[in-house]
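I set out to look up a few features of this structure and to record them in order. The entries below follow the strands, the nonpolar cores and the ligand.

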Amino acid sequence: MGVASTVALRGSLLTQVDERLRSASERAAAAPDRLGQGAPEDAPTGADGERVFPGGAVPPAFGLPGQSVGTVSVFESADGSSVQSGYLDDDAVVQELTDAQLAALLDLTPDGEPTSVTLPGLGTYRAVSVVSDRGDTSVTAVPVSTITDTVDEFVVVEIAVAALGLVVAAVLATVLVRRELRPLDRVAATATRVSEMPLSRGEVDIPERVPARDTDPATEVGQVGAALNRMLGHVESALTARHESETQVRRFVADASHELRTPLASIRGYAELVQRLPADLPDDAVRAMGRVESEARRMTSLVEDMLLLARLDAGRDLDLGEVDLAALAVDAVADAHVAGRDHVWRLELPGAADDDPEEAEAEAEPVEVVGDEHRLRQVLVNLLSNARVHTPPGTTVVVSVALEGPAAVLRVRDDGPGIPEPLRSRLFERFARGDESRNRAAGSTGLGLAIVHAVVTAHGGTIDVDGTPGATTFTVTLPLATP
Ligand SMILES: Nc1ncnc2c1ncn2[C@@H]1O[C@H](COP(=O)(O)OP(=O)(O)O)[C@@H](O)[C@H]1O
Ligand SMILES: [Mg+2]
């Protein structure tokens with residue numbers, strides 16, 4: 001807008017100046033005759049018998065009515081013998097033109113059309129050059145500085161107004177956009193609250209919804225709000241369906257394990273019974289019955305483990321109480337002593353220097369955590385049985401209980417062969433076990449560490465393992481009862 005109006009203004013001013021210039025030029029061209037007529041009687045006459053303008057110093061255009069200040073006039077007689085030039089300055093005093101200025105004006109094509117010309121020292125002019133019937137050249141020029149001044153002023157005003165307009169528009173736009181988009185903030189806030197909800201576990205209920213006033217389908221923001229609500233509803237029902245099917249699977253495993261316990265107990269019982277019969281059984285039959293009994297025993301422990309895991313998965317409440325980890329460790333090591341006579345067992349308790357379990361128990365300070373005693377005992381039993389079963393005879397196993405900051409830390413360390421490399425990344429997964437053939441024979445199920453992990457996690461603790469050969473360490477951290 002600014003450029004267009006500036007160009008238009010400039011064009012129209014130029015047209016006005018050109019019009020002024022034409023009439024000034026006409027007046028100037030007619031001047032010699034009129035002046036000639038008014039010249040004194042004794043003025044000399046030229047070659048053609050006409051009287052020559054007498055003054056010499058004052059060119060004919062000056063002083064003519066209507067000729068404005070700043071108008072430049074040049075008169076050159078047909079034979080080039082006389083050149084008169086000058087202009088009226090701001091004080092209406094006649095000023096001579098310099099040679100350079102004169103040359104610039106006389107260079108113009110005498111076609112009667114206004115052209116722009118730069119006069120050295122005076123600036124830019126619009127000039128018209130005409131040749132009279134007698135052959136005299138008359139050049140008239142008016143300054144364009146008035147145009148430039150006006151246009152410059154106009155541009156300054158325009159810039160100022162435009163800047164002001166931009167500022168006002170920016171402020172208004174900001175205020176309006178903010179106000180219009182406020183509902184979007186509320187939609188975003190809803191999305192943020194949902195993203196902070198724990199959706200990954202257990203029963204999922206998403207009560208958050210975009211408020212009804214922000215779900216008007218007539219506005220774009222309302223459409224976003226309504227779409228988000230639809231999506232939340234969809235996610236909620238999908239998560240609920242998933243949770244239901246998980247629950248079903250879990251219940252099925254739990255029920256199946258439970259149902260298997262009774263027939264397994266019968267199988268074990270009958271196998272024992274057959275072995276105790278006084279009748280002479282062939283050796284093969286006795287051996288077969290022994291296998292039946294031992295496999296039934298193995299299957300029983302597998303079923304028990306699966307049942308326990310299913311219960312832990314279901315988030316069955318722990319039977320919480322204050323548990324002294326130090327006492328648990330003493331018991332567990334004492335049991336391990338009996339079960340693993342080929343291993344060396346050590347116990348490190350806070351405040352107890354002695355390795356002898358009984359004395360250690362007497363000296364040790366209690367390390368109390370809130371937990372389910374039965375389950376925590378199982379953690380220790382599983383870790384110690386691993387240290388016994390998966391290491392060669394003569395391995396030293398160190399069980400330590402310590403207070404570290406706000407937590408109780410239980411460590412089971414052995415100097416056995418370490419955790420097999422391919423197993424490390426999925427050690428706590430179900431049915432993850434090392435050397436399959438050897439372990440199966442040893443009654444390995446691969447559920448022991450999965451149970452340990454589930455129990456520790458249910459207690460709000462963590463379990464870490466460092467499986468370096470020669471220093472395999474399982475570290476269980478549990479929050480203290482009274483930190
Ligand atoms: N202290 C340990 N030293 C070496 N290997 C171990 C140790 N503890 C566990 N492992 C490896 O981790 C596997 C998984 O252990 P676990 O979950 O208790 O199952 P399981 O004892 O029934 O095999 C074991 O099969 C064994 O290969
Ligand atoms: Mg085990």
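**Entry 1: Hairpins**

I began with the hairpin of E4 and E5, which has three residues between the strands, and noted that Gly121 takes a positive phi near 90 degrees. I record here that the model is a predicted one. I then looked up the strands themselves: E4 covers residues 115-119, E5 covers residues 123-131, and they pair in the antiparallel sense over five bridges. In this pairing I found Val117 opposite Tyr125 of E5.

I followed E5 onward to its pairing with E6, residues 137-143, which is antiparallel as well and runs over seven bridges. Here Arg126 stands opposite Val142 in E6. E5 and E6 also form a hairpin, with five residues between them. In that turn I noted Gly135, whose positive phi is about 100 degrees.

**Entry 2: Nonpolar cores**

I next asked which residues of the largest nonpolar core touch the most other members. This core holds 48 residues, and the ones I listed are Leu325, Leu349, Val369, Leu383, Leu384 and Val399. The elements giving two or more residues to this core include the helices H5 (283-313), H6 (325-339), H8 (373-389) and H10 (448-458). Strands E8 (344-348), E10 (396-404), E11 (407-414) and E13 (471-479) are also among them. H6 provides the largest share of this core, eight residues.

I also recorded a second, separate core of 14 residues, which includes Leu102, Leu119, Val139 and Ala141.

I took Leu384 for a closer look and left aside its neighbours within four places in sequence. Leu384 is in contact with Ala332, Val333, Ala336 and Trp345, and also with Val397, Val399 and Val412. As general background, I noted that nonpolar side chains tend to be buried together in soluble globular proteins.

**Entry 3: Ligand 1**

Which residues come nearest to ligand 1? Of the 19 residues around ligand 1, I listed Asn386, Ser444, Thr445, Gly446 and Leu449 as the nearest.

I then looked up polar contacts made by oxygen atoms of ligand 1. A polar side-chain atom of Asn386 lies 2.8 Å from one oxygen atom of the ligand. For His390, I found a side-chain N or O atom 2.9 Å from an oxygen atom of ligand 1. Gly434 contributes a polar backbone atom, 3.0 Å from an oxygen atom of ligand 1.

Conventions:
Residues are numbered from 1 along each chain as its sequence is written. Chains are lettered from A and ligands numbered from 1 in the order in which they are written. This is a predicted model: local features need pLDDT of at least 70, side-chain atom pairs count only at pLDDT 80 or more; totals for chains, interfaces and linings use all residues. Side-chain values use heavy atoms; hydrogens and water are left out. A nonpolar core is a set of buried Ala, Val, Leu, Ile, Met, Phe, Trp, Tyr and Cys residues joined through side-chain atoms within 4.5 Å. Buried means under 20% relative accessible area, exposed over 50%, partly exposed in between (1.4 Å probe, protein chains only). Helices (H or I, at least four residues) and strands (E, at least two) are DSSP runs, numbered from the N terminus. Contact means heavy atoms within 4.5 Å. Two strands pair if DSSP finds at least two bridges between them. A residue is near a molecule or strand if one of its heavy atoms lies within 4 Å of it. A polar contact is a pair of N or O atoms within 3.5 Å; within protein, one must be able to donate a hydrogen and the other to accept it, and residues adjacent in sequence count only if both atoms are side-chain atoms.
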